[in-house]
Amino acid sequence: MLNIFRGLLLLLLACVGSAHAADTGWLTSRQNDHAKIRFQAERGKDRLYGLLTVELQSGWKTYWRSPGEGGVAPEIHWKNGEKAQWYWPTPSRFEISGLTTQGYHNRVVIPMVITGNPGDVLDGTLTLSTCSNVCLLTDYPLHLDFNQPVDGQFQDAFEQAMRTIPTENGLSDNLAAHLAGDRLVITGTTTGAWRTPGIYFDPLDGGIIPGDPNIKTDGATLTISAPVTDEWGDKPKTLAGKTLSFVLTSDGKAQQTTLTVGADESAVAPPQVARTGIGQMLLFALLGGLILNLMPCVLPVMGMKLSAVLHAGSATRNIRLRFLATSVGILVSFALLAAMVTALKLTGAALGWGIQFQSPWFIGLMVAVTFIFALNLFGVFALLLPSSVASRMATAGGSGWLGSFFEGMFATLLATPCSAPFLGTAVAFALGAPLQELWLIFIALGVGMAIPWLFVALVPKTAALLPRPGRWMAIVKTLLALMMLASSLWLASLLSQHLGEFVSNAVILLLALAALAAVFIRGPRGGFAFYLVVFVLTALSGYQLRGLIQAPATPERAAQVSADVRWQPLSEDAIVQALADGKRVFVDITADWCVTCKVNDMRVLTQPEVIAALNAPDVVALRGDWSKPSDAISAFLQTRNRYAIPFNEVYGPGLPQGETLSPLLDSSSLLRALKHAKG
């Protein structure tokens with residue numbers, strides 16, 4: 001019907017003479033210098049044909065007929081009560097202040113048909129909302145005099161604007177919708193294949209607004225799911241029988257569709273599958289939290305705690321109370337982390353595990369803190385609390401339980417920058433999971449980290465199994481100091497992305513020389529530990545100095561070293577194009593600060609059989625570097641409900657929807673996925 005009506009409009013317009021046209025010219029407002037508008041109209045037999053043109057500065061947007069989760073659609077109030085039928089071009093989707101909205105940027109031309117009899121003059125007021133970091137609501141007075149001579153190109157402009165309006169067919173005649181759990185699901189097929197599809201929703205009855213959609217295609221099959229909430233933010237009880245209106249796009253074409261939502265369905269995933277998934281992730285969280293106790297930043301806390309209890313000769317009851325208090329401190333800390341992440345999710349803030357390492361200021365702070373702790377472990381100086389504070393923490397509650405509680409929180413604080421096996425998988429799952437599962441994962445992490453402390457609390461005699469103090473404690477302390485210094489130097493190497501490789505290498509050399517000088521001047525002399533530290537720091541300083549003064553590698557040499565796999569830049573368009581050409585795709589998102597990514601590189605991506613497979617003629621290897629903040633990579637991960645790296649995915653004729661691989665890669669799984677993707 002829309003196609004027929006549009007054809008009649010153009011036919012009627014062709015019979016109209018240009019003598020009856022009017023034009024406001026370009027209008028601006030002193031309250032809004034980011035936009036200018038123009039309204040043109042031409043008189044027909046019993047109606048007016050209008051064109052509203054809006055031009056916006058870069059970074060500014062205005063809204064579609066359905067703004068989405070926020071915003072105000074353009075509106076014209078006519079002085080004499082005329083009515084206008086607007087025809088809306090296909091919009092774009094963008095985000096402002098965490099809200100997903102629909103509208104236009106740069107320039108948009110909106111045709112309309114006005115009914116009424118304004119005579120020779122048409123007056124009205126356009127209310128236009130424009131947004132960037134802030135939003136402005138601006139009124140533009142419209143005055144059109146049809147007796148004034150104007151440019152005679154109105155008919156061509158109107159016809160061109162009508163060609164941008166979505167049609168009622170051309171993409172799919174087989175579309176259906178239903179409610180599955182808390183998501184609106186739309187399915188459909190097309191002739192040929194879907195290419196970069198998009199969808200823009202109108203609200204359903206009752207103020208129900210679909211959110212940001214997740215779109216998947218498999219050749220000619222399309223599946224779209226979007227969260228739905230009412231105007232109060234609650235999940236609707238049913239959508240069955242409601243009218244759903246939306247614009248669907250594919251390969252540059254747009255179709256306006258209106259259909260009736262079918263019967264509701266239960267959640268897509270069978271209950272048993274969901275339970276298996278969360279059960280496995282809870283196990284990963286327990287193991288990841290347990291292994292955190294072995295990290296260099298946490299292990300000294302455990303050692304100091306056991307040593308203090310051993311030397312104090314406390315009664316069994318006091319040992320149990322102190323270790324229980326430490327466990328409670330760990331659990332409370334992880335609960336606070338879960339609350340913080342919950343607040344971020346509810347406010348729409350960007351989430352990602354480890355993205356703090358994209359900030360040079362954070363990296364610099366971590367370099368300084370870990371270096372100071374390393375010098376402290378080397379014995380260069382001692383960090384001591386005032387005696388009054390230490391005494392109060394040790395005697396609080398009669399048995400020191402308050403001090404032990406804060407020891408648990410302190411251990412968790414030290415554990416947050418550490419990485420451990422199983423931890424990344426569990427946290428990535430938690431960040432993309434519903435809130436109740438997020439809390440379960442974080443509590444499981446806390447329980448896992450608290451297991452050794454709970455074990456000592458249940459079996460207090462365990463503390464007596466520690467060897468008596470002796471020279472072994474100095475050796476262990478030195479080894480922990482070297483591990484902490486290695487962490488500091490590794491963090492300094494991450495500054496190369498922000499300050500350049502020369503500056504980063506210079507910082508590493510200065511830190512190594514400073515540690516060597518401090519050990520010589522202030523550290524304890526003699527013994528195996530002293531000579532071990534001197535040997536390691538001297539060797540490190542010499543190696544780093546040689547690398548700093550030698551000529552930098554040429555681009556040709558660097559390419560020869562790093563181009564074993566022919567990597568190409570990551571983008572959604574590159575995946576779509578490769579699939580259209582019948583090729584397989586391997587996606588790798590990595591970062592300099594991602595330790596697991598480096599492990600994957602050494603264990604898998606540098607193996608000859610993997611390199612040969614990724615360099616095959618029908619394989620496209622795409623790599624994204626998340627060492628620095630990247631909106632494109634963040635959006636890429638979020639559309640796949642992922643918030644952490646490493647991230648690896650395989651596409652192909654046999655895997656058009658993609659297969660996500662385990663964060664810890666192995667050659668056999670990668671080669672098997674590539675073979676499966678061939679189809």
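Figure 1. In strand 25, Gly652 has Leu655 as its bridge partner. Val650 is bridged to Glu659 of strand 25. Strand 24 (647-652) and strand 25 (residues 655-660) run antiparallel and are joined by three bridges. A hairpin of two residues connects strand 24 to strand 25. Strands pair if DSSP finds at least two bridges between them. Strands (E, at least two residues) and helices (H or I, at least four) are DSSP runs, numbered from the N terminus. This is a predicted model, in which local features need pLDDT of at least 70, side-chain atom pairs count only at pLDDT 80 or more, and totals for chains, interfaces and linings use all residues. Residues are numbered from 1 along each chain as its sequence is written, and side-chain values use heavy atoms, with hydrogens and water left out.

**Figure 2. Ile589 sits in the largest nonpolar core.** This core has 31 residues. Val587, Ile589, Trp626 and Ile645 have the most contacts inside it. Among the elements that give two or more residues to the core are strand 22 (584-590), strand 23 (619-625), strand 24 and helix 19 (631-639). Helix 6 (360-378), helix 11 (471-493) and helix 13 (501-521) are also on that list. Beyond its neighbours within four places in sequence, Ile589 contacts residues including Leu570, Cys597, Trp626, Phe636, Ile645 and Phe647. Contact means heavy atoms within 4.5 Å. A nonpolar core is a set of buried Ala, Val, Leu, Ile, Met, Phe, Trp, Tyr and Cys residues joined through side-chain atoms within 4.5 Å. A second, separate core has 30 residues, including Val54, Trp86, Val108 and Leu126.

**Figure 3. Phe371 is buried in helix 6.** What is the relative accessible area of Phe371? The value is 12%, so Phe371 counts as buried. Buried means under 20% relative accessible area, exposed over 50%, and partly exposed in between (1.4 Å probe, protein chains only). Not counting residues up to four places away in sequence, Phe371 touches Leu485, Ser488, Leu511, Ala514 and Ala515. Phe371 and Ala486 are 115 residues apart in sequence. Their C-alpha atoms are 9.0 Å apart in space.

**Figure 4. Lys36, Glu55 and Arg107 are linked in a network of salt bridges.** A salt bridge is a side-chain nitrogen of Lys or Arg within 4 Å of a carboxyl oxygen of Asp or Glu. In the Lys36 and Glu55 bridge, the closest N and O atoms are 3.8 Å apart. Lys36 lies in strand 3 (residues 32-43) and Glu55 in strand 4 (residues 47-56), 19 residues apart. Glu55 also forms a salt bridge with Arg107, with the closest N and O atoms 3.1 Å apart. Arg107 is in strand 10 (residues 107-115), so its pairing with Glu55 ties together parts 52 residues apart in sequence. Lys36 is partly exposed, at 31% relative accessibility. Glu55 is partly exposed at 24%, and Arg107 is partly exposed at 49%.

**Figure 5. Arg163 and Glu159 meet in a salt bridge.** The N to O distance between their side chains is 3.8 Å. Arg163 is exposed, with a relative accessible area of 62%. A search of the whole structure finds nine salt bridges.

**Figure 6. Residues 323-341 are 100% helix.** Strand content over this stretch is 0%. The end C-alpha atoms are 27 Å apart. An unreviewed UniProt entry places the feature "transmembrane region" here, and also at stretches including 281-302, 361-385 and 528-545. UniProt positions are given in the numbering used here, feature names are shortened, and annotations may be inferred rather than shown by experiment.
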